[in-house]
Every structure is written in C-alpha cells, then in structure tokens.
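Here are a few quick notes to read alongside the model. Have a look at the fold before working through the points.

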Amino acid sequence: MTQPGFVNGHWRSVPPNRPMATREKSLVSHLLVGLQFTAIMMIAWPFMAQPDDRLQWLAISALGVIVGLYTLAHNKLGNFGIYPEPIPDACLITTGPYRWIRHPMYTSLLLFMLGIALYKHAWPNYLGMALLALAILGKMRREEVHLHLKFADYSDYVKRTHRLIPRIY
C-alpha cells in the first residue's frame, strides 16, 4: 500500500491500485484551492459588526446566492468539486446557467464575496477579493484544459458560451 504523498508531481492520497473513483491533484491545484480559501477568509475579516449604511452591498451577495442555487438546480452535488481536475465520472452540463456561462459556480462565489468585500470596505477585504479572482482564474484555466481532454464536444461548448459573465467574459 502506497502512503499519501507526491508522485510524479501529483498528490496521491490513495493507493495506486484503487479504482479511478478518485482523481490525482497537482501541487498547483492544491495551491490554487489554498489561495481561494485564504482569500475568502481575508474578505470575510474582520468578523465584527459593520455600519448599517453599507447594507446595500449585500444585495450583490444575495445575487451570488441566487446564481449558486440556480446552478445547483442543474449541476448536482457530486458532479463537481473544489479542485480544477474533473470528477472521474463527471457529466458535461449545458442546461440552466451553463447555457450562457461555463463556470456559474465561480460566478456565484465571486458575486457573493464581492458583496461582502464592498460591505466590509477595508483594504484586506479588497486584497482578498483580488486574490480570490486570481485563484478562480487559475482554477478555470486548469479546469478547462482537463475538460477539453475529457469531453469531445467541449470545444463546441466553449464556442457558444462565455466563462463567467454572459456575453462579456
């Protein structure tokens, strides 16, 4: 039995003879996920009450929640994860928000955290937002490389959709 650790530049958390129900994750993927969660903590900090005159910014967070729930209505839990490497038995979803954008969960997260950053309104929150955007962009690029390899029709899907914002990006 192989111990968890790095093998050929990828993190191996299971023995090599285990069925492919798991996926190997690269060091870069682990770093991007770590950066993502660090950024989320920076955006949410400080954990104290904020003035009531900034509540309007939380409407952006509410929009993020709505986008996330709409996405989950079309892409069930278990078909995706926090790492850019696709789940081995993942399906390509092209309905609901996926008709217009390829990464609606990232859009949801960015909207949710943007509302919080604007509500908190301090430089660590904005720095966290910039780091979150970098982590998401890095994860998106890596994920799309994997999806092109996994799904033969992914190139056609890319041609008719945008990454995060319908008709813009």
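1. The protein chain has five helices and three strands, taken as DSSP runs (helices H or I with at least four residues, strands E with at least two) and numbered from the N terminus. Along the sequence the order is β-β-β-α-α-α-α-α.

2. Keep in mind that this is a predicted model, where local features need pLDDT of at least 70, side-chain atom pairs count only at pLDDT 80 or more, and totals for chains, interfaces and linings use all residues. Residues are numbered from 1 along each chain as its sequence is written, and side-chain values use heavy atoms, with hydrogens and water left out.

3. Of the chain's 169 residues, 41% are buried (under 20% relative accessible area, 1.4 Å probe, protein chains only).

4. Now for a helix pair: H3 and H4 pack at about 170°, their axes 9 Å apart (axes are lines fitted to C-alpha atoms over the stretch in contact, and angles run from 0 to 180 degrees between N-to-C directions). H3 is therefore roughly antiparallel to H4 (the word applies to angles over 145 degrees). Residues in the contact (heavy atoms within 4.5 Å) include Tyr106, Leu109 and Met113 of H3 and Met129, Ile136 and Glu143 of H4. By class, the contact has 13 nonpolar, one polar and three charged residues. Ala, Val, Leu, Ile, Met, Phe, Trp, Tyr, Cys and Pro count as nonpolar, Asp, Glu, Lys and Arg as charged, and the others, Gly among them, as polar.

Definitions and conventions
Parallel < 35°, antiparallel > 145°, perpendicular 65-115°, else oblique. Buried < 20%, exposed > 50% of the residue type's maximum accessible area, 1.4 Å probe, protein only.
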